[in-house]
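Subject: Structure for you to look at

Hello,

Here is the structure I said I would pass on. Please open it beside this email and follow along.

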Number of protein chains: 2
Amino acid sequence: MTFALPAAYRFAAVAAGIKPSVNKLDVSLVVSDVPAVAAGVYTTNKVFAAPVALDRSLTPGEGFRAVVMNSGNANACTGERGLSDAKEMARLAAATCGAEPNQALVLSTGVIGVFIPMDRVAAGIQAAAAKLESSQEMLVAAAQGMMTTDTVHKLAGRSIELSFGPVRVLGMAKGAAMIAPNMGTMLGLVLTDAPLSPSLGQDLLSAAVVDTFNCIRVDGHMSTNDTVLLLANGAALSQGSAKQNGQSLTGSDLAAFRTALHEVCAELAKAIPADGEGATHLVTIDVTGCRTRADAHKIAKSVAESPLVKTALAGADPNWGRIVSAVGYAGVDFDPLDLELTLNGYLLYRRGAPVPFDAAVVSKSIRDNRDTSIVLEQTAGAAAVRFWTTDLTAEYVRLNADYTT
Amino acid sequence: MTFALPAAYRFAAVAAGIKPSVNKLDVSLVVSDVPAVAAGVYTTNKVFAAPVALDRSLTPGEGFRAVVMNSGNANACTGERGLSDAKEMARLAAATCGAEPNQALVLSTGVIGVFIPMDRVAAGIQAAAAKLESSQEMLVAAAQGMMTTDTVHKLAGRSIELSFGPVRVLGMAKGAAMIAPNMGTMLGLVLTDAPLSPSLGQDLLSAAVVDTFNCIRVDGHMSTNDTVLLLANGAALSQGSAKQNGQSLTGSDLAAFRTALHEVCAELAKAIPADGEGATHLVTIDVTGCRTRADAHKIAKSVAESPLVKTALAGADPNWGRIVSAVGYAGVDFDPLDLELTLNGYLLYRRGAPVPFDAAVVSKSIRDNRDTSIVLEQTAGAAAVRFWTTDLTAEYVRLNADYTT
């Protein structure tokens, strides 16, 4: 698969030895050849990593030239030294393109509570700078450099035709565990050559995250490092950068861009539980007919986080009582008689009582399909949410119980 | 181990064929020979089982003569028919001692969403009635009859000397998964021959549950059936039942009883995660120095429910970043610099930064001890909570992923 590359961005990644495994890409560099507007959405964890502190202090804003990313070390719970390391990473990344320290952003993921090896990081950034190019190969490398236990890199892109010409929206993300974004460790970076003001960029990104990255769960453990960044360099305008022209999208251009951004975020978000650690099912949960979106979100989250629901799905067990009871403790005030559950198209529960069904048939449907659908319908209102999660397998436990320190 | 039996209670259990396995005890009967006061604390799940609906409508109250318990079927999500089945169970149990239907209470646990086989239940109650006696053997049988995936039966007792003579407090409980009481499926039955009024019985039980059964987690999935009942028949008074005399504990008698009740509830509560499905560690989490008890409870719950913390403990991995980050997303407003983490006596994290420690030594300490201690200290206030939970092993997943329907 090839992606339309947004204009005036270059990519690179190197194996800098931050990950314990030999020759794994772990430092990625993205440079915008012209100054870009940047917006960010971050973890709401009270214990947040140094790069989160740094990026949050700079976004939304403009004039950005570089994003440096590393895997293998989260630079979280590392105190003052961690923050100064993150700032040094930004300074080194900015210097590769002649920019100032506050013109670069930092994304880190990996082990918590270990100081990041700055000598390796610095050498990695230098080596990456020498490889920067606008190519499919280096785009994929950059997406691979942010992977931890991910088994596949995650890229999504859209190309749209606006009034002034074509615009590209290209996103990369990582994440396979510690996934409970509100914003999980998930990292995302969305690049566009559209022109956006900082405030519009922030509004668009914040809105897109609500229904995408904030609607996924692997294990319900919220990370210290979750970050999604949007860079918009305006290079799609023939006149040059958005900053120079003070231009920003409006009208039908804005509507088309919003849709493309939402689609890219949704595709990346869904790719995370699809690659969830040990997962054998990607589960889509649709909750409809609630009084408020907050109610629908609580119900979906409660089902998505239940180990009993997740193990049942792993075992292809249509044990719907676990799903209905997870709805019951979601913290939403509702009438238990006003609830209908459909699993992979089979109606299992309606108005407080079981519906006769062929357990063997439903079990086979779960076993034979990696994609699983849970639909929970109420009639209390019009609010709805779509959520994506995984099953819970012995492999997830094995991956996370292995002694790693 | 033998338990002091409270006066005027008799016990029995039989294998009635409700569980699929042959000759497993699954119907238990407890009879008080004199009318007893009863109090109850129930699941807060909006989807609650028929026996919960029935017992909740009757407690607190007086005049109770019998409690019938079954395992193998939760009688939950079974609609109107389920409620009428629960009422019929109460009627049959009451009839064994010549009492009225509303003088008996019902506890059920097992699979959700399947109608309970009333013919087997009815035959079981009859058979149990013929075996009722005040003996250690039948007490143990009654505690076994309420077991589902429990590997051991759970009994705890205290005998205290009050102003008028000796009083006994004896509790039984079950639970190994679907454990997130607020009230998780845990069932508990505490019997005493002390005299209590219904309102005092309810106040004492409600208070005891807060720091005991509500402070345990196995998997964070709240059951539809959680119930703790307290029966007090006053038979320790030489004059006869509490009801006849209108007497209730006061002063130093009340204080001594409150302590004994709390100890019995705490011992039973802790026995549940100790027997958690697949668990290889019983984890005690002490959270201290919080502004409010609610804050301390949220932090303990967040750590206790994190699959990443639980799998790390299963693997003897002193991956303390997972613990600290779970504190961070507990939903409590606190200063991350005001947090200290001690694991099995080893200080690992202090004031926002790692503390050097020997990972091999801490790992060995986790591996060699089934009991694990996590202490999280803040200095924001004086509130504290003690919480008990399990690790998360591949065996838990296996037990719950096996196709059972």
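Below is what was found in it, taken one topic at a time.

Please keep in mind that this is a predicted model.

The sheet in chain A

Start with the open sheet in chain A, which is built from seven strands. Read across the sheet, their order is 8-15-10-14-11-12-13, and the pairing is mixed. Strand 8 (216-217) and strand 13 (353-354) of chain A are the edge strands. Each has a single partner strand, so one side of each has no neighbour in the sheet.

Further in, strand 10 (residues 282-290) and strand 15 (residues 383-390) of chain A run antiparallel and are joined by seven bridges.

A hairpin in chain B

In chain B, strand 5 (residues 154-162) and strand 6 (residues 165-174) are antiparallel, with nine bridges between them. A hairpin connects strand 5 to strand 6 of chain B through two residues. Within this pairing, B:Glu161 has B:Pro166 of strand 6 of chain B as its bridge partner.

A buried helix in chain B

Helix 9 (residues 307-314) of chain B has eight residues, and seven of them are buried, so the helix is largely enclosed by the rest of the structure. The buried residues are B:Pro307, B:Leu308, B:Val309, B:Lys310, B:Thr311, B:Ala312 and B:Leu313. After helix 9 of chain B comes B:Ala316, which has a positive phi, near 55 degrees.

Aromatic rings

How many aromatic pairs does the structure hold over all chains? There are two. In chain A, the pair is A:Trp320 with A:Tyr349, and it is tilted, at 5.2 Å centre to centre and 35 degrees between the planes. This pair links distant parts of the chain: A:Trp320 lies in helix 10 (residues 320-328) of chain A and A:Tyr349 in strand 12 of chain A, 29 residues apart. A:Trp320 is buried at a relative accessible area of 4%, and A:Tyr349 is buried at 1%.

In chain B, the ring centres of B:Trp320 and B:Tyr349 are 5.1 Å apart and the planes are at 40 degrees, so this pair is tilted. B:Trp320 is in helix 10 (residues 320-328) of chain B, and B:Tyr349 is in strand 11 (residues 346-350) of chain B, 29 residues apart. Both B:Trp320 and B:Tyr349 are buried.

Charges over rings

The charged end of A:Arg56 sits over the ring of A:Phe48, at 4.7 Å from the ring centre. In chain B, the charged end of B:Arg56 sits over the ring of B:Phe48, 4.7 Å from its centre.

Cysteines

How many disulfides are there over all chains? The count is zero. Take A:Cys77 as an example: the closest cysteine sulfur, in B:Cys290, is 17 Å from the sulfur of A:Cys77, which is too far for a bond. A:Cys77 is buried, with a relative accessible area of 5%. A:Cys290 is also buried, at 2% relative accessibility.

Regards

Conventions
Residues are numbered from 1 along each chain as its sequence is written. Chains are lettered from A and ligands numbered from 1 in the order in which they are written. This is a predicted model: local features need pLDDT of at least 70, side-chain atom pairs count only at pLDDT 80 or more; totals for chains, interfaces and linings use all residues. Side-chain values use heavy atoms; hydrogens and water are left out. Two strands pair if DSSP finds at least two bridges between them. Helices (H or I, at least four residues) and strands (E, at least two) are DSSP runs, numbered from the N terminus. Buried means under 20% relative accessible area, exposed over 50%, partly exposed in between (1.4 Å probe, protein chains only). A disulfide is a pair of cysteine sulfur atoms within 2.5 Å. Rings of Phe, Tyr and Trp (its six-membered ring) pair if their centres lie within 6.5 Å; planes under 30 degrees apart count as stacked, over 60 as edge-to-face and the rest as tilted. A charge sits over a ring if NZ of Lys or CZ of Arg is within 6 Å of the ring centre and within 35 degrees of the ring normal.
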